Amino acid sequence: MEGGGASGGRAAAPTRMTTVSRHYFGGSASEGDHDLRVDIVENIEEDYGMFVWPCSIILAEYVWQQRSRFSGSRVVELGAGTSLPGLVAAKVGGDVTLTDIAQNTEVLNNIRRICALNNANCTVSGLTWGDWDEPVFDLHPDIILGADVLYDSANFDDLFATVTFLLEKSSGAVFITAYHNRSGHHLIEFLMVKWGLKCLKLLDGFSFLPSCKAASIQGNIQLVEIALDKEKHK
């Protein structure tokens, strides 16, 4: 029995309340009709890094619908958290690296647990935006994913510095992110101009989402594909 003794004078760490959510892709995206299922271990206390947020569901669906692009591609997910988009990319044939804040070992260990649960062969790595440690130099992605990574303005420059660095390392690479449009598209436009990037595609996140998934999601969520503006990176 856990926690029975007081030897050593240590109090047992509080037990995390977790659940496993199931996410379906293809067919009618339901339990009875789907082509792919991904199981996610979530903390029901809704820790940022251990909960499936709406932007993750939308980005994961986009990956599924664009799966031919991801098969055989090198994919990096930034701020992966529960890693739903990256896991879909792995299941459709991508070579995937899932990253989150290097110091957040609980989130990184949960990512490893989720990968094992789904028999997904992904690399899991600590990567803190704006930190120029060894892991970031080892990455050469064709596609960078980020779900709801534009939520704290204090981190925007570190995020875009990291994204720009990765885009510069791989010719033709793109950054695909789904985000809550809390302050209008002018914010992301400003960041793209500042970092020498350009918008390739901008979509309403609900425009491609199956109705069964859209019914449980609220908010103004957009998806954008971003690349280097080569005129500014000569």
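**View 1. Contacts of Lys213 beyond its sequence neighbours.** With residues within four places in sequence set aside, Lys213 is in contact with Tyr24, Phe25, Ala29, Ile57 and Glu61. The model is predicted. Helix 8, residues 211-214, holds Lys213. Lys213 counts as buried because its relative accessibility is 10%, and the cut-off for buried is under 20%. A polar atom of the Lys213 side chain lies 2.8 Å from the backbone oxygen of Tyr24.

**View 2. The largest nonpolar core.** This core has 46 residues. Phe70, Leu84, Val88 and Ile176 have the most contacts inside it. Elements giving two or more residues to this core include helix 1 (54-65), helix 3 (84-91), helix 4 (105-117), strand 2 (36-43) and strand 7 (174-180). Helix 1 gives the largest share, eight residues. In soluble globular proteins, nonpolar side chains tend to be buried together.

**View 3. Surroundings of Phe70.** Residues up to four places away in sequence are not counted here. Phe70 touches Val63, Val75, Ala89, Val92, Gly93, Gly94, Ile143, Leu145 and Ile176.

View 4. With a cut-off of 2.5 Å between cysteine sulfur atoms, the count of disulfides comes to zero.

How values were computed. Residues are numbered from 1 along each chain as its sequence is written. This is a predicted model: local features need pLDDT of at least 70, side-chain atom pairs count only at pLDDT 80 or more; totals for chains, interfaces and linings use all residues. Side-chain values use heavy atoms; hydrogens and water are left out. Helices (H or I, at least four residues) and strands (E, at least two) are DSSP runs, numbered from the N terminus. Buried means under 20% relative accessible area, exposed over 50%, partly exposed in between (1.4 Å probe, protein chains only). A polar contact is a pair of N or O atoms within 3.5 Å; within protein, one must be able to donate a hydrogen and the other to accept it, and residues adjacent in sequence count only if both atoms are side-chain atoms. Contact means heavy atoms within 4.5 Å. A nonpolar core is a set of buried Ala, Val, Leu, Ile, Met, Phe, Trp, Tyr and Cys residues joined through side-chain atoms within 4.5 Å.
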